[in-house]
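Have the structure open as you read, and find each residue as it is named.

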Amino acid sequence: MKIQSTLQHGTIFYTAGGHKASAVFLDEELVITSGLILSDNDSLVQKLTVATKHNPFVELDKSTDLKQIFELDFRVVRKHENVLRQQSARAYHIVHSQRVEECMETMLGGLHVCINGDTKPVRLYAPLYATILILSTNISRCVSWNQFKTVINRLKPDSSKGPKLLDEVLTVSTPFGDESFFNTFNIGHISNIFGEHECLLLLDTHLSSGCQGGAVYNHNMKLQGILIGSTFMYRNENVSFPLAISMNEIVGIALNRRNLCQSLPTTLPIQAFRSVCMIDSQACWGTGCAFELHGRQYIISCSHVLATDNITCVFNDQKTIHPKLIYKNPIFDSAYDIALMEATFEEAQKPNWFCQLANYIPHIGQRLYAVGFPVLKSLARGINFKPSVIPGRATKYSEGILFTDCSIQCGQSGGPIFDENGLLVAIAVSNFRSSVDNLIYNCHNMCVPVADIYGTLERYSMTRDKASLEELQADWSVRCKWKLKPPAILNKL
């Protein structure tokens, strides 16, 4: 990816606040950032919530309710001739997406965020996530709405080149708002596009707090979105969930038009997506994958995903089936953490909905794709039902276990790992939790290689002998690997 943008980037804060964020300079004067810069002022959050309820854009100098934002003393920092330069700035306008706000309240409502040292539900700050602040460094002259529209119109994405699933993207931001990390570049991909009119982008880049307000570019360095979030809490665990408002959404509001551009198919075979299902087993949920072997059709997942034998699988066309459980490892925290199901004849999907198994071990560095429903079950509901696709690579293989650097989160347990041909090469099981800091590292994950269980699955599909599935309980050496017991050092010098 050629890294050369016509836009400038920097950091922003206001003198009465305690937060620093990233910012994008649209020209020599105009600056945009995320509304999250105001998150340390509960009074402003409440006022903004009311003011933007039915108004997608607000002129702050003319607003009685939000005049306080107009009067804030903002400071922006950008690089000028390799020297960091601080300037005063004033907020003149707000662009607010009701669609993003609704998405944060409903689909992402189960997330929490740390604000001022306290963990609070994301939905309380949904109006800020949905808000883009427009500022100017020319504080002596009011910036008209038409002036901003003229600038933003030049940044309008080409509808034929709008964001698409698995597009490579580059983010430019300042992690932690700390100028030591000024304008850090991170390369990743778009792993999901969701919300009404595809207003939100989910990325797989490794971002941190302070990145909100940063820029998201495509491989041609065209602005695709503005970062609004990076790390969250879910069930008391840290999750990496980088979110950006699509530039189509921002431009559509600013120019009072709707961009209904739809994402084009990815290069992965369509069966790879059709075969993925969200599994619900009475308050326990995860991901599964339908595959075909010797003319028989199955669904595979992790045993720890299935709390009961009452199982519901929802596929991409929103067809719901209730498969019959054939096998699940009775010791679900031991290798192999595998469950196998079979749909009844009446419920079976069409044959082209089932993927094929890959009977080979991926080589180190090979491109792989983790597909599933990360973090929030609500993402698997309604008209936006579709799995997230997270690219990565095989990083290590040892008999019985495949490691990848795909950014896998809770909810993707049991989900498929595909190769570039759409073949099922592994089943995602768990992330690595460090004994040093007790944190979960989502880019260090462990998967069951299909090649290591292929013979067992093949024998069952041919003989229908359930006793043969007991071979899915791995031997002692493999179980030790899954428990991350270090190998014995046989020769100590």
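The largest pocket holds about 880 Å³ of space. Keep in mind that this is a predicted model.

**The largest pocket**

- A set of 31 residues lines the largest pocket.
- To find the middle of the largest pocket, look for Asn238, Gln409, Cys410, Asn431 and Ile440, the lining residues that lie nearest its centre.
- Four strands each give at least two residues to this lining: β14 (223-234), β15 (237-246), β27 (424-433) and β28 (440-449).
- Sorted by class, the lining of the largest pocket has 15 nonpolar, 13 polar and three charged residues.
- Domain 1 (8-157 + 166-255) and domain 2 (270-483) each provide at least three residues of the lining of the largest pocket.

**The second largest cavity**

- About 70 Å³ of space lies in the second largest cavity.
- Its lining includes Ser191, Leu202, Leu203, Asp204, Ser240, Phe241 and Pro242.
- Also lining the second largest cavity are Pro374, Ile390, Ser407, Gln409 and Gln412.
- The lining of the second largest cavity divides into six nonpolar, five polar and one charged residues.
- At least three of the residues lining the second largest cavity come from each of domain 1 and domain 2.

**Two packed helices**

- Two packed helices are described by the angle between their axes and the distance between the axes.
- For helix α5 (residues 145-154) and helix α6 (residues 247-254), the angle is about 145 degrees and the axes are 10 Å apart.
- The crossing of α5 past α6 is left-handed.
- Which residues of α5 and α6 meet? From α5 come Trp145, Phe148, Lys149 and Ile152, and they meet Met247, Val251 and Ala254 of α6.
- By class, this contact has six nonpolar residues, no polar ones and one charged residue.

Definitions and conventions
Residues numbered from 1 in each chain as written. Predicted model: local features only at pLDDT ≥ 70, side-chain atom pairs only at ≥ 80, totals over all residues. Heavy atoms only, no water. 1 Å grid on protein atoms, 1.4 Å probe; cavity = no way out; pocket = protein on both sides within 12 Å on 5 of 7 lines; lining within 4 Å. Points joined across faces, edges and corners; volume = space filled by probe spheres on them. Nonpolar A, V, L, I, M, F, W, Y, C, P; charged D, E, K, R; others polar. Domains from an automatic or database assignment. Axes fitted to C-alpha atoms, helices over the stretch in contact; angles between N-to-C directions. Left-handed = near helix turned anticlockwise from the far one by under 90°. Contact = heavy atoms within 4.5 Å.
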